[in-house]
Amino acid sequence: MTSPRHASSHPSTALLTDHYELTMVQAARHSGTAERRSVFELFPRRLPEGRRYGVVAGVGRALDALESFRFDAPAIAALEGVVSADMLEWLASYRFTGDVWGYPEGEVYLPHSPLLVVEGSFAEAVLLETVLLSIYNHDSAIASAASRMVLAAGGRPCIEMGSRRTHEQAAVAAARAAYVAGFDATSNLAARQLHGVPSTGTAAHSFTLLHDSESEAFTAQVETLGVGTTLLVDTYDVREAVRLAVEVAGTGLGAVRLDSGDLGLVAREVREQLDQLGASATRIVVTSDLDEHAIAALAAAPVDAYGVGTQLVTGSGHPTCGFVYKLVAREGDDGEMVSVAKRSTDKASIGGRKYALRRRSALGVAQAEVVGIGTAPEDDGDDRALLVPLVEGGVVVGREPLDAARARHRAALAELPRAVTMMSAGEPVVPTVFEGS
């Protein structure tokens with residue numbers, strides 16, 4: 001696996017924000033409230049409709065973005081006329097010096113889980129709202145869909161191949177998020193370069209159509225990539241292509257790929273033909289607008305791996321998680337912290353700094369997501385703390401290898417009740433319970 005690019009080489013992220021974040025800070029500086037100690041919380045009010053759990057992804061990208069959140073000369077120039085000259089001067093020296101706690105990457109989340117707790121001055125913390133929400137909403141949506149697909153695959157490898165179905169930069173983030181949630185590889189080479197995600201790929205229909213015959217195309221591919229390659233066999237006639245594939249590569253052919261038709265039926269026919277030709281070890285890879293439900297429907301078919309594109313990079317019907325970033329506490333005139341909350345209909349928030357625990361049975365099975373206000377109770381052995389330090393005094397302390405997030409996700413899923421494996425719509429797999437004062 002290649003080494004991901006270090007965050008220090010990232011361009012400025014300061015303008016990946018909304019206009020009103022800056023005008024709020026300008027007005028708060030005018031009123032003398034900009035430096036009030038504040039606590040913001042990033043959380044979901046609910047899961048996407050029908051989903052039983054969500055997956056936290058984008059943490060590493062968010063930490064990189066925070067580290068690169070600097071108003072450099074080009075950014076300042078772009079803001080002339082947006083805010084005052086005095087505000088521009090303040091922005092030029094902006095640095096986040098506060099603290100951040102959060103659910104680590106790969107963790108499972110439920111309604112009202114406090115995924116991030118950001119503490120600092122109002123001016124420092126509010127400016128991070130848009131970029132944090134942008135990263136978390138996108139990456140967690142992709143990871144949540146990917147996790148369900150991996151569960152449906154039942155241990156068979158899943159390959160992310162949706163780059164051509166989304167924005168070019170979103171494609172890179174999607175590949176990373178899918179890898180966190182258990183996908184084995186991506187077709188996207190930028191994700192390999194930037195994040196160390198393993199990449200894979202062989203040939204498309206155009207390669208076959210380029211040659212005068214399917215046999216010539218297969219021969220060229222095998223001679224350059226070896227007999228372990230994957231040959232695409234549905235450009236013309238599948239049965240004839242499978243015969244040619246084994247004729248050209250021999251019984252050691254790595255895999256064939258199916259990209260159209262009734263995948264379950266065709267896979268069974270191809271498996272039977274491969275076995276008859278002596279290519280019993282040749283794998284069958286299927287693609288073509290798969291989602292978790294289509295993958296589950298293929299559970300009994302002789303399929304060895306799945307390539308997933310459009311449905312993955314669009315969150316399989318839920319392209320965002322609905323996360324919000326709200327002020328939940330701020331410094332009062334006496335210097336003490338005061339709980340604050342939005343109370344509007346259907347969009348109410350719960351004030352106060354939160355803690356979060358995963359309550360488990362004696363057998364280690366999750367029973368509830370415990371969200372409390374105030375000081376977390378002492379660990380009794382059954383409540384697993386979910387918030388970890390990510391930033392201390394403006395310095396990132398929570399960066400970790402992507403493989404650690406993958407391992408965490410596997411462990412988090414294993415802790416949930418068996419209902420987590422159900423692809424049908426349902427309520428959250430465990431309830432959220434509120435505690436504290």
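The lining of the largest cavity in this predicted model divides into nine nonpolar residues, with no polar and no charged ones. The residues concerned are Val59, Ala62, Leu63, Leu66, Val100, Leu116, Leu132, Tyr136 and Leu390, and the space they line comes to about 60 Å³. Both α2 and α6 supply at least two residues of this lining, and the largest share, four residues, comes from α2. In general terms, rolling a probe the size of a water molecule over the atoms shows where empty space is left.

The count of cavities of 30 Å³ or more comes to three. The second largest cavity, with a volume of about 50 Å³, is lined by Glu41, Phe43, His112, Ile350, Lys354, Val371 and Phe434. By class, this lining has four nonpolar residues, one polar residue and two charged residues.

One of these lining residues, His112, deserves a separate look. His112 is found in the loop between β4 (108–109) and β5 (116–121), and its phi is near 70°, which is a positive value in a residue other than glycine. Most residues other than glycine have a negative phi. Because its relative accessible area is 22%, His112 is described as partly exposed.

**Open pockets**

| Space | Volume | Classes of lining residues |
|---|---|---|
| Second largest pocket | about 600 Å³ | nine nonpolar, seven polar, three charged |
| Largest cavity | about 60 Å³ | nine nonpolar, no polar, no charged |
| Second largest cavity | about 50 Å³ | four nonpolar, one polar, two charged |

The largest pocket is lined by 31 residues, and those nearest its centre are Met161, Ser187, Gly201, Arg257 and Thr287. Three strands, β8 (230–232), β10 (283–286) and β11 (305–308), each supply at least two residues of this lining, and the largest share, three residues, comes from β11.

The second largest pocket has a volume of about 600 Å³. This pocket is lined by 19 residues, of which Thr13, Leu16, Arg61, Ile135 and Gln169 are the closest to its centre. The elements that give two or more residues to the lining of the second largest pocket are α2 (59–67), α6 (129–153), α7 (168–180) and α8 (189–195). At least three residues of this lining come from each of domain 1 and domain 2.

**Domains and cores**

The domain assignment gives domain 1 as residues 7–127 + 322–436 and domain 2 as residues 143–313. Taken over C-alpha atoms, the centres of domain 1 and domain 2 are separated by 37 Å, while the contact takes 21 residues from domain 1 and 20 residues from domain 2.

How many residues does the largest nonpolar core have? This core has 109 residues, and those with the most contacts inside it are Phe71, Leu91, Leu258 and Tyr306. The element that gives the most to this core is α6, with 13 residues, and the core draws at least three residues from each of domain 1 and domain 2. In soluble globular proteins, nonpolar side chains tend to be buried together.

Leaving aside neighbours within four places in sequence, Phe71 is in contact with Ala14, Leu15, Leu22, Ile76, Leu79, Leu91, Ala92, Tyr94 and Leu127.

Arg51 has its place in the loop between β1 (37–44) and β2 (54–55). Is Arg51 buried or exposed? Arg51 is buried, because its relative accessible area is 4%, a value under the 20% cut-off. Not counting residues up to four places away in sequence, Arg51 touches Ser144, Ala145, Arg148, Glu292, Gly315, Ser316, His318, Gly426, Glu427 and Pro428.

Ser316, which is one of the residues that Arg51 touches, is placed in the loop between α14 (310–313) and β12 (323–331). The phi of Ser316 is near 50°, again a positive value in a residue other than glycine. Ser316 counts as buried because its relative accessibility is 12%, which is also under 20%.

Definitions and conventions
Residues are numbered from 1 along each chain as its sequence is written. This is a predicted model: local features need pLDDT of at least 70, side-chain atom pairs count only at pLDDT 80 or more; totals for chains, interfaces and linings use all residues. Side-chain values use heavy atoms; hydrogens and water are left out. On a 1 Å grid over the protein atoms alone, a cavity is a set of points where a 1.4 Å probe fits but cannot get out, and a pocket is an open set with protein on both sides within 12 Å along at least five of seven lines; lining residues have an atom within 4 Å of a point. Grid points are joined across faces, edges and corners, and a volume is the space filled by probe spheres set on the points. Ala, Val, Leu, Ile, Met, Phe, Trp, Tyr, Cys and Pro count as nonpolar, Asp, Glu, Lys and Arg as charged, and the others, Gly among them, as polar. Domain bounds come from an automatic or database domain assignment. A nonpolar core is a set of buried Ala, Val, Leu, Ile, Met, Phe, Trp, Tyr and Cys residues joined through side-chain atoms within 4.5 Å. Buried means under 20% relative accessible area, exposed over 50%, partly exposed in between (1.4 Å probe, protein chains only). Contact means heavy atoms within 4.5 Å.
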